[in-house]
Structure formats: C-alpha cells, structure tokens
Amino acid sequence: MEKTSKISAFLVDTANVFLFLTRVFKNTFSRGFEFKEFLKHCFQIGNKSFALISITGTIIGLVLTIQSRPILIKFGALNMLPNMVAISLIREMGPVITALICAGKIGSSMGAELGSMRVTEQIDALEVSSANPIKYLIVPRVLAATLMIPLLSIFAITMGILGGWIGANIKGDLNFVLYISQAFGKVEFMDLIPAITKTFFFGAVIGLVGCYKGYNAGRGTESVGIAANTAVVTASFLVILVDLIAVQITDLILQ
C-alpha cells in the first residue's frame, strides 16, 4: 500500500511539472509581456551574482594555472599553459561553475521568494483577482535567468583567463599580450558556441526549478525553507545532467 502511494505521488508530481512547464511556455509567447519585471529581475540576478562570479572566476583561473604548471614543466610544454587554461574555462569550468553558483544563489532566492508569497497568500490573491501569476511572477524570472546566466558565464571565463595570467606570473614573467595570444591561439569557433549555447539551458533550468518549487510550496512557514533547499539541490543536479547531455551532443557534432 505504501509503495502504491509513493508511485501515485510520483505520477502526480510528474503531471504537475508538465502542466507547469506548459503554462510557462504558453504565457511566454502570449501578449502582455511584463518587460519591466523582466528588466528588474535581470538587474537583480546580475547585481547579486556579479561580485561572487568575479572572485570565483579569478580564483578558478589562478588555481588551474598553479596546479597545471608543474606538470607541463615536466613534459616541456609550459608554453601550452595559457591555451590549456583558456580551453578548460571556455568549454567546461566557466559555464558549469557559474551555473552551479547561480543555482545556489538565484535558485534558492526564487524558491524562497515565491514560497513566501504562497504562504502569505499573495499568489492566491492574484488568482482570485483574475490576474495571471504565471505571466507576472514566473515568466520574467525564468527569462531573466535564461539571459543572465550566459552573460555571467562569459564574464566568469574572462575573469578566469585574467586569473590564469596572474597565476602564470607568480613563478614566472609572462607579458599580458603574449599570454592572451597564446591563450586564444588554438581556440576555435566551435569551442565557444556549444559552451555558450548550453548556458542558456542552464539558466532556463535554474529559473524553472526555482520558480516551480516556490510556486508550489506548502502552506506552512517551514515550506519556504524546504522550497529554497530543494530548488538548489534539484537545479544543481539538473545543471550537471544538462551538461552531460550537451557534452555528448557536442562530441557527436564535432566527430
């Protein structure tokens, strides 16, 4: 009996997810787009994450350079260090780490904010007044996350490459212009496009998960914390899963 109830709960949750996605998709392309709300959330996402992304990106490039330098020296390939750091950041580390940071910061924020609105019955008030909470609350947040995560990823990659130059000069002396020339000497167009493309999916996943968990939060006050926590965990897992799928697709395309 308990097993049956778990299966039923899983099927209900799956149906609710598909219904939520359908409503979001439908309202995204309907009239009356809340452009001011979209800009407000774009600013909030960028403003909240800018400093953390800057520091994290710089440290990633710095650590990657310091850790890789001794190994490349053993193989006599020290001149490949800038290019290795740049490709690692562009293809994988920059986009994924940025998405995971945003899953924790933005996903939890959306889950907690919408969860508190559900608990205080603000969402119910919108529904009773014939307003559309999906169009006003969900769509601007999802689209803002979808747009801002790629921009933050590009910025993280830039700061990571700068951090790599700092790391290269801790035990050496490498001109910045020469470093940039070596870093992008073998970077191809197809290294950048798949990496940036998948960040749009990262942003959409983070926005949808955070909004879904908050929008469907329970009535008790503890449900706000639960919504924020589950939004972070679920979004982080889905970011890694999307990255795995994106890597497989990219590998098939480049073969």
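User: How many cavities of 30 Å³ or more does the structure hold?
Analyst: The structure holds two cavities of 30 Å³ or more, a cavity being a set of points, on a 1 Å grid over the protein atoms alone, where a 1.4 Å probe fits but cannot get out. This is a predicted model, in which local features need pLDDT of at least 70 and side-chain atom pairs count only at pLDDT 80 or more, while totals for chains, interfaces and linings use all residues. Residues are numbered from 1 along each chain as its sequence is written, and side-chain values use heavy atoms, with hydrogens and water left out.

User: What volume has the largest cavity?
Analyst: About 100 Å³, where a volume is the space filled by probe spheres set on the points, and grid points are joined across faces, edges and corners.

User: Which residues line the largest cavity?
Analyst: The lining, meaning residues with an atom within 4 Å of a point, consists of H41, Q44, I45, K48, K105, I106, S109, M110, E113 and R141. Helix 2 (35-74) and helix 3 (81-119) are the elements giving two or more residues to that lining, helices being DSSP runs of H or I with at least four residues, numbered from the N terminus.

User: Which helix gives the most there?
Analyst: Helix 3, with five residues.

User: Now the second largest cavity: what is its volume, and which helix gives the most to its lining?
Analyst: The second largest cavity has a volume of about 60 Å³, and helix 3 again contributes the most to the lining, with six residues; I53, G57, M93 and A156 are among the lining residues.

Note on methods
1 Å grid on protein atoms, 1.4 Å probe; cavity = no way out; pocket = protein on both sides within 12 Å on 5 of 7 lines; lining within 4 Å.
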